[in-house]
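Trainee: I would like to go through the ligand sites and test each term against its definition. Can we begin?

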Amino acid sequence: MPAMLTDVFRGHPIHLPHSHQPDFTSLRELPDSYKWTPKDDLLFAAAPSPPATGENIPLIDLDHPDAANQIGHACRTWGAFQIANHGVPLGLLQDLEFLTGSLFGLPVQRKLKAARSETGVSGYGVARIASFFNKKMWSEGFTITGSPLNDFRKLWPQLHLNYCDIVEEYEEQMKKLASKLMWLALKSLGVSEEDVEWASLNSDLNWAQAALQLNHYPVCPEPDRAMGLAAHTDSTLLTILYQNNTAGLQVFSDDLGWVTVPPVPGSLVVNVGDLFHILSNGLFKSVLHRARVNQNRARLSVAFLWGPQSDIKISPVPKLVSPVELPLYRSVTWTEYLRTKATHFNKALSMIRNHREE
Ligand SMILES: C=C1C[C@]23C[C@H]1CC[C@H]2[C@@]12CCC[C@@](C)(C(=O)O1)[C@H]2[C@@H]3C(=O)O
Ligand SMILES: O=C(O)CCC(=O)C(=O)O
Ligand SMILES: [Fe+2]
C-alpha cells in the first residue's frame, strides 16, 4: 500500500500563528493584518498596462473535434482553460455548491470541531500556504482527502450521509474527467499510452488520487487591499475548479499581468499543475493563480486537486526530451514533491530541476 495523501504532512507540521478564523461577517473594517502591499507579495499589484485587453484563457468545447489541440495549445500558453460540455451533470454542480455554502454557513464553533490538525491534510482551516506570508488571507477553506465521513459527522450530525454521497459522486466524475483531459493534452504532443504506462486509460484509474479543496471568500469591506488566496501554483498534474457565479480567480500571464477568469455558468476551469509541467518536460505551464475578493458577493470555489498515487515516479516523458540534453527535471513522487513544497513553497520546482553540466 503506497503512502496516501492523508499522511503526506505527517513529518511537516505547520504552526500558523493565527489559525483561528475571525468572524468575517462582524468585521466592518479591514484589520491591518489583512492589508496586503507589494511588499507582502511581489506581484500583488502586477496589473496589465494598458489594462484590459480582453484577452483571456480559452473556453473549450470538449465535444469539438479539435478539442485535443485546443487543450494542448492552452496548456502550453496560459496553463489554464475553461471547459464546456464536460459531461458533469449540472444538478451535481448545484448540489456541490449547496454543500459548500452550507458548510461555511455553519457557526465557527461547529466548523472548528473539524479543524485540520497541524500534521493533517483534511479538515477546516486556512490554506496551507498561509504560513509563507506575513499577512492573512480573506478566506476559509475545507480540505477533503479520503472519506469525508468522520469530519462530516461532526459538522452535520443528521445530514452527513447525504453530503458524503455528493462528494463521492463528484470525485467519481472528476476522476474520469481529469484523466480524459490529461490524455487529450498529451496526445496533442504526440505522446501515446505506451510512453506513460502508469497512466493507462484502460486501468481503473486507481493509479490516481486527489484532494478536494472547498474555499469561501466572504464579502470584504476593502477588497482592493485584501487577498483571498495568495498567488501560487498547484502541486498537481491537473486541477479542475468549480467557481460559483462570482468573479475572483485570476491567472498570471507574463505579457498581461493578472487576468480575471470570468465565471461561465455550468463550465469548469482547468489548470496545469507542477507535476504536469514536469511530465511534459516544461512544455506545459504550471500557471500562477490567486483569488481576489469583493465587496458585494460571497464567493465559493471547489478545487479538485489531482495527481498520481505516491508510489509513482513522475519524470519527463522521454519522447519530449532532446537526445542531446538532460531532462529538465529529476523524477519525484507526488508525496516527495508536496513535502518539498511544504518547506520551500515557490522554490520547489527549481529544487528538482536538472542543471546542465558546464
Ligand atoms: C494535495 C494537496 C495539494 C495542496 C496541498 C494538499 C492538500 C491541499 C492543497 C492546497 C489547496 C489550496 C492551494 C494549495 C497550494 C494549498 O495551500 O493547499 C494546495 C496544495 C498544493 O497544490 O500544493
Ligand atoms: O478560489 C479560486 O478560484 C482558486 C482556488 C485555488 O487556487 C485552490 O484551491 O488551489
Ligand atoms: Fe490553486
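Mentor: First, the ground rules. This is a predicted model, with local features needing pLDDT of at least 70 and side-chain atom pairs counting only at pLDDT 80 or more, while totals for chains, interfaces and linings use all residues. Residues are numbered from 1 along each chain as its sequence is written, chains are lettered from A and ligands numbered from 1 in the order in which they are written, and side-chain values use heavy atoms, with hydrogens and water left out.

Trainee: What makes a residue part of the group that surrounds ligand 2?

Mentor: One of its heavy atoms must lie within 4 Å of the molecule. For ligand 2, 13 residues surround it, and the closest are Asn215, Tyr217, His289, Arg299 and Ser301.

Trainee: Why is the pair between tyrosine 217 and ligand 2 called a polar contact?

Mentor: A polar contact is a pair of N or O atoms within 3.5 Å; within protein, one must be able to donate a hydrogen and the other to accept it, and residues adjacent in sequence count only if both atoms are side-chain atoms. A polar side-chain atom of tyrosine 217 lies 2.6 Å from an oxygen atom of ligand 2, so the pair qualifies. Histidine 289 also reaches a ligand 2 oxygen with a polar side-chain atom, at 3.0 Å. For asparagine 215 the distance is 3.1 Å.

Trainee: How much of ligand 2 does the protein bury?

Mentor: The protein buries 95% of the 300 Å² that ligand 2 exposes when taken alone. Accessible areas come from the Shrake-Rupley method with a 1.4 Å probe; for residues, only the protein chains shown count as cover.

Trainee: How do the shell residues of ligand 2 divide by class?

Mentor: Into six nonpolar, five polar and two charged. Ala, Val, Leu, Ile, Met, Phe, Trp, Tyr, Cys and Pro count as nonpolar, Asp, Glu, Lys and Arg as charged, and the others, Gly among them, as polar.

Trainee: What makes serine 235 a polar contact of ligand 1?

Mentor: Its polar side-chain atom lies 2.4 Å from an oxygen atom of ligand 1, so the pair meets the cut-off.

Trainee: How much of ligand 1 is buried?

Mentor: Alone, ligand 1 exposes 450 Å², and the protein buries 94% of that. Its shell has six nonpolar, three polar and three charged residues.
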